[in-house]
Amino acid sequence: MSTLPLKGLRVLDLSRLLPGPYATLVLADLGATVVKVEEPEGGDYVRAMPPSRDDVGALFYGLNRNKRSLTLNLKTPEGREALKKLARTHDVLVESFRPGGMDKLGVGEAVLRAENPRLVFCSISGYGQTGPDRLKAGHDLNYIARAGLLGYGGEAGGAPAFPGVQMGDIGGGSLFALVGILAALYERERTGLGRFVDVSMTDGATAFLHMHLAARLFMGEQGAPLERGREALNGGYACYGLYRTADDRWLAVGALEPKFFSGVCERLERPDLMEDAYAPGEAGARVKAELTKLFASKPLAHWAERFAGSDLCVEPVAEGDDVLKDAQLRARGLFVEAEDSRLGKVTHLLTPLRMGPTPLREPPGLGQHSREVLSEAGFTEEEMARLGV
């Protein structure tokens with residue numbers, strides 16, 4: 001078995017819910033040793049979120065494989081001293097309290113990096129550690145709304161398109177946390193010092209609009225504000241959009257380049273549509289209206305067969321369990337079945353980066369590894385007793 005690239009990396013994960021736990025899941029899947037530090041009463045909130053199977057929360061299960069659980073009450077002096085001691089032997093700490101939350105507990109970045117100057121301390125928050133709204137409450141939908149991402153999608157003149165997935169949490173939070181952590185670890189190889197990584201999910205969400213906002217800034221007064229449903233890549237072009245089929249399914253046509261869209265027109269036996277495919281205003285709208293009428297005349301299966309074997313950037317929109325049956329994703333090994341000691345067979349969704357066989361250790365029970373983790377860090381029986389483990 002090949003060695004995973006992050007083998008030997010030691011991570012303390014004090015985060016909850018989705019952004020931090022997904023980031024540390026990726027680290028764990030790549031071989032890092034991740035200790036999930038939880039409150040003794042209840043632990044991570046996602047443990048109790050439905051749905052569940054035999055009293056095991058499905059959402060918690062999906063985010064916390066390959067981790068160990070340690071319970072610490074950071075509101076007590078003993079808990080705070082324990083975290084300080086643990087920080088001395090770990091490489092990375094991830095937390096998702098509101099800005100200043102760790103400082104109020106007495107275990108903020110300055111304190112823990114005084115214990116271990118090599119520590120990479122990553123804070124994930126909604127609006128970042130600075131700015132007038134840094135302490136404001138929010139969730140994914142709020143972050144993508146502030147970032148302009150929510151307002152960019154949807155039909156022209158209509159409501160913003162509800163994304164249905166946590167783009168700010170995962171894209172803006174988890175992934176930029178991973179980039180920051182790995183960059184800081186690389187720097188540490190040169191300097192011997194860790195650093196503070198400030199991840200704002202709202203900042204991160206703006207990255208999805210980078211090309212469009214950067215172009216807007218570049219054009220200045222010569223340009224125009226971004227508009228929902230009217231830009232090239234958000235519904236303005238007939239060759240790049242979503243079309244309803246006769247059975248109320250959807251087809252994603254991403255034939256942006258002329259070589260692809262001309263092929264689409266040939267398959268549809270409508271070469272005339274190519275003439276105004278990229279035209280602004282009424283001419284382009286006419287092409288879109290024609291495509292809308294055409295695709296609505298037949299069910300999805302008809303169009304899937306019509307475009308089968310083509311290389312024209314046309315795909316059915318997967319719904320329900322379609323994605324679980326996708327031959328390409330299965331060939332890539334994204335869904336892997338493993339044995340669980342409590343549940344029997346469980347199918348895991350792997351994280352996208354696989355650089356060797358992904359370990360599939362089942363998620364921990366609350367505090368399951370407290371004594372094990374503390375013993376490894378040199379805690380005595382007396383010290384563990386004072387911590388209540």
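Helices here are DSSP runs of H or I with at least four residues, and strands are runs of E with at least two, numbered from the N terminus. The model is predicted: local features need pLDDT of at least 70, side-chain atom pairs count only at pLDDT 80 or more, and totals for chains, interfaces and linings use all residues. Residues are numbered from 1 along each chain as its sequence is written, and side-chain values use heavy atoms, without hydrogens and water.

Start at helix α3, residues 77–87, which holds Lys 85. Lys 85 counts as buried because its relative accessibility is 18%, and buried means under 20% relative accessible area with a 1.4 Å probe, protein chains only. Leaving aside residues up to four places away in sequence, Lys 85 touches Ala 377, Gly 378, Phe 379 and Glu 383; contact means heavy atoms within 4.5 Å. A polar atom of the Lys 85 side chain lies 3.4 Å from the backbone oxygen of Gly 378.

Now turn to the nonpolar cores. Such a core is a set of buried Ala, Val, Leu, Ile, Met, Phe, Trp, Tyr and Cys residues joined through side-chain atoms within 4.5 Å. The largest has 29 residues, and Leu 9, Val 11, Ala 32, Val 92, Cys 122 and Ile 124 have the most contacts inside it. At least two residues each come from α1 (19–29), β6 (92–95), β7 (120–125), α8 (167–191) and β8 (196–200). Helix α1 gives the largest share of this core, 6 residues. Another core, of 24 residues, lies apart from it and includes Val 35, Leu 74, Ala 82 and Ala 87.

Notes: Buried < 20%, exposed > 50% of the residue type's maximum accessible area, 1.4 Å probe, protein only. Polar contact = N/O pair within 3.5 Å; in protein donor to acceptor, adjacent residues only side chain to side chain.
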